[in-house]
Amino acid sequence: MLAFTLKRLGVALLVALTVSLITFSMIYVSGDPAIAIAGEGARAQDIEAIRKFYGFDRPIIEQYFNWLIGALQGDFGRSYTLRQPVAGVIFARLPVTMLLGALAIAFALVLAIPLGVLAAVRPNSLVDRFALTVAVVGQAMPSFWFALTLVLWLGVHWRLLPITGSDRWQNFVMPAIALGYYVTPAIMRLTRAGVLEVLSSDYIRTARAKGLRPMAVLFKHALRNAIIPVVSLSAVQFGFMLGGSIVIETIFQINGLGYLAWESIQRKDLPTMQAIVLTLSVIYVLLTLLGDLLNAFLDPRLRVA
Amino acid sequence: MAELSVKRAGTMSAEEILAPSPGALLRRRIFRHWGLMIGGMILAAIVLMAVLAPFVTTFDPYDQQLARKLIPPVWHGGAKATWVHPLGTDHLGRDYLTRLLYGAQISLLIGFSAMLISGVIGTVMGVLAGYFGGRVDMVVNFIITTRLSMPVVLVALAVVSIIGSSLTVVIWVLGLLIWDRFAVVMRSATQQVRVREFITAAQALGCSTPRILLAEVAPNVVNHLIVVATLEMAHAILLEAALSFLGLGVQPPTPSWGLMISEAKGLMFFDPWLISIPGVALFLLVLAINMLGDGLRDITAPENRG
C-alpha cells in the first residue's frame, strides 16, 4: 500500500506540474499576449506598457518559474481589472462553487443510486427502461438549455424559486439540479452494472441460500461491494462539475469560481484565468488521487504499484 | 446424442443449408435494434434538411425584416402567426426555421470536424500505447491523465477568448481538447487485439510494424472507433453550443443553435419558444447521435455476435 501510495503521489505531482506548464503557456497561443489583452487597434506604447506590467518582456522560462514559485506560495499575482491579489478573490469564491458542486453531486447520487439499484434488481423491467430513458435523455440535454427551461417553469411560471443570486439556500436548488442532472447517467449506469455483477456472484448465492432476507442481501452484501467504484467515479465527476459549473453559474449569476472565470475571460484578465484553471486542475488531480487511494484501500487487488 | 445430430445433419432442410451470411445477420441485427433505427433516422432527417436547406426554405438566414420581428410559431395561434414563417421570426425579423436549418449545418460541421481531429489524435495515441505497451504506454497514459485533469469548457473558453473566436478556431480548440475518450478506448481495444495469435503470426512472418498496425490491428478495433466517434461528435456539438451560448463560440450573425438560445435569453420570459425551438433541435440531434452510437455498440459488441 505504501509503495502504491508513493507512486500515485509522484504521478499526481508530475501531472500537476505539467498542467501548470500548459496553463502558463496557454496565454501564448496567440503569439503575443500583450496584443491579446490590449485588443486590436491598440497603440504601440499601450502594448509596451502592458508587456512591462505583466513582465512579458522577460524570458519565458523566467516568467514561468516566477509564476510557479508564486503559485506554490499562494501568490497568483494581481488581477489587472479587480485591482487586488488573485489568490484572495479565488479563495473567496471557491467555497460557493464547492457548495454548488456538493449539492449537485448529492442530487445526482440521490437520483442515480436508487434508480441504478432498482434497475439492476429487476433487469428489463419498467423501472430499468425508465432508468435507461433518464440516462439517455440526460446525456443529450444541453445543460444550459435545461437550466433555462428550469428557470422558465420553476422560476417564472410557477414562481417557486428565485431566478438569480447566491444569498439564500433557495438560490442553489435549480443550479444544483441543472448541474447534477448532467452527471446522473454515468453514476446510474455504473451502479446498475456493479449491482448486476455482484448479484450474480457466488457469495450472494450463499447469502440467499442460507435464508437471509432479500433486503439484507441487497443492502448489507451486494450494495457494499457494488458501491466502491461509484465512490471514486463520484469524486471524478465532482471534479468535472467544478470545471463545468461555469455555464450554470453564469446563467444563475452565482458568485462562484465559474462566474469569476467567465468575468475574467470577458475582461481578458489573464492572471485570474490562469489561476482558476490551475486551481481547478489541481483540485481534480487531488480528487482522482483520493479516489484511487480509497479504491486501493478498499480493494487490495488494485494495489498494483 | 451423436447419432441424433448425425441424423439431423443428414436431413437438413434447404433453409438450414442456406444459413444467413454474416452480412445478412448484421443487417438483421441492425433492423431489429429500435434505438439504432430511430437514432439513425432522426440523424438522417436532420442531415438531409441541413444539406437541402436552400431548397426547404426560400428565406435567407441573415435577412433582417424588422417589420416582421417576433412572429410566434404557428401552433401559438394569435393574429401574427402565419404559415409563411412556420416557426416564427426572431428579434431581428429573421425566419426562425431558416436559422434553424442553417444552424444545423454549423452544428454538424463543427461536430464532425472536431471529431475528426480528436479522432486522429486519440486513435494514434491509443493504438501506439496499446500495441507497444511499456514506456510508450506510460507516456500516453500520463498525457491522458494530464488532459483529463484540465477543465474542458474553461480551457476552451480561455483559449478561444485569447485567439479570438471564429468557426475554425472553435473546431480546432475542441478537436485538440476532446481526444481523451478516443485514446482510452483505442488503447484498451488494441491491448486486447495485440495478444491474439494472428498478431504473433504476422510478427513471426516478419511483417513490418506499420503493416501489422494497418492490416491486422486496425480492422479489429475499427468498430470501437466508430462508436466513440459518434459519441464524441455529439459531445463536440454540445460543447460548441455551450461556447456559442456564452458568446465565445461561433460569432453573430452566423446561425448557430447555441447562439440562437443566447440571443433569445433576454426575451425568453415573453417569448419562451425562442429558446425552446433551438433547444429541442439541439436535444434531438444529440439524442439521435447518441442512440446511433449506443446501438452500434450493441450490435458490434463481440458477445452479441451470432
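Biologist: Which residues of H9(B) do B:Val152, B:Val155, B:Ala156, B:Val159, B:Val160 and B:Ile163 in H8(B) meet?

Modeller: This is a predicted model, and the reply concerns two helices of chain B, H8 (residues 152-163) and H9 (residues 167-177). From H8(B), the residues in contact run from B:Val152 and B:Val155 through B:Ala156, B:Val159 and B:Val160 to B:Ile163. Their partners in H9(B) are B:Val169, B:Val173 and B:Leu177.

Biologist: At what angle do the axes of helix H8 and helix H9 of chain B cross?

Modeller: The two axes come within 10 Å of each other. The crossing of H8(B) and H9(B) is right-handed. The angle is roughly 145°.

Biologist: Turning to chain A, which residues of H8(A) are met by residues of H7(A)?

Modeller: Helix H7 of chain A covers residues 143-157 and helix H8 of chain A covers residues 173-199. Their axes lie 10 Å apart at an angle of about 145°, and the crossing is right-handed. H7(A) contributes A:Phe146, A:Ala147, A:Leu150, A:Val151, A:Leu154 and A:Gly155. The residues met in H8(A) are A:Met174, A:Ile177, A:Ala178 and A:Tyr181.

Biologist: How many helices does chain A have?

Modeller: The elements of chain A, taken from the N terminus on, run α-α-α-α-α-α-α-α-α-α-α-α. Chain A has 0 strands, and its number of helices is 12.

Biologist: What percentage of the contacts in chain A with a separation of 6 or more comes from residues 24 or more positions apart?

Modeller: The C-alpha trace of chain A spans about 85 × 60 × 30 Å along its principal axes. Of its 305 residues, 50% count as buried. For the contacts in question, the share from residues 24 or more positions apart is 71%.

Biologist: How far apart do the centres of the positive and negative side chains of chain A lie?

Modeller: The accessible surface of chain A comes to about 15200 Å², and carbon and sulfur atoms account for 65% of that area. As for charge, the chain carries 25 positive and 16 negative side chains. The distance between the centres of the two sets is 14 Å.

Biologist: What is the omega of the peptide bond from B:Pro252 to B:Pro253?

Modeller: B:Pro253 is placed in the loop between helix H12 (209-245) and helix H13 (257-264) of chain B. The bond from B:Pro252 to B:Pro253 is cis, and its omega is near 5°.

Biologist: What is the relative accessible area of A:Lys268?

Modeller: A:Lys268 is found in the loop between H11 and helix H12 (270-298) of chain A. A:Lys268 has a positive phi near 55° and is a residue other than glycine. The residue is partly exposed, with a relative accessible area of 26%.

Note on methods
Residues are numbered from 1 along each chain as its sequence is written. Chains are lettered from A and ligands numbered from 1 in the order in which they are written. This is a predicted model: local features need pLDDT of at least 70, side-chain atom pairs count only at pLDDT 80 or more; totals for chains, interfaces and linings use all residues. Side-chain values use heavy atoms; hydrogens and water are left out. Helices (H or I, at least four residues) and strands (E, at least two) are DSSP runs, numbered from the N terminus. Buried means under 20% relative accessible area, exposed over 50%, partly exposed in between (1.4 Å probe, protein chains only). Contact means heavy atoms within 4.5 Å. Accessible areas come from the Shrake-Rupley method with a 1.4 Å probe; for residues, only the protein chains shown count as cover. Lys and Arg count as positive and Asp and Glu as negative; His and the chain ends are not counted. The place of a charge is taken as NZ of Lys, CZ of Arg, CG of Asp or CD of Glu. Axes are lines fitted to C-alpha atoms, for helices over the stretch in contact, and angles run from 0 to 180 degrees between N-to-C directions. A crossing is left-handed if the near helix is turned anticlockwise from the far one by less than a right angle, and right-handed if clockwise.
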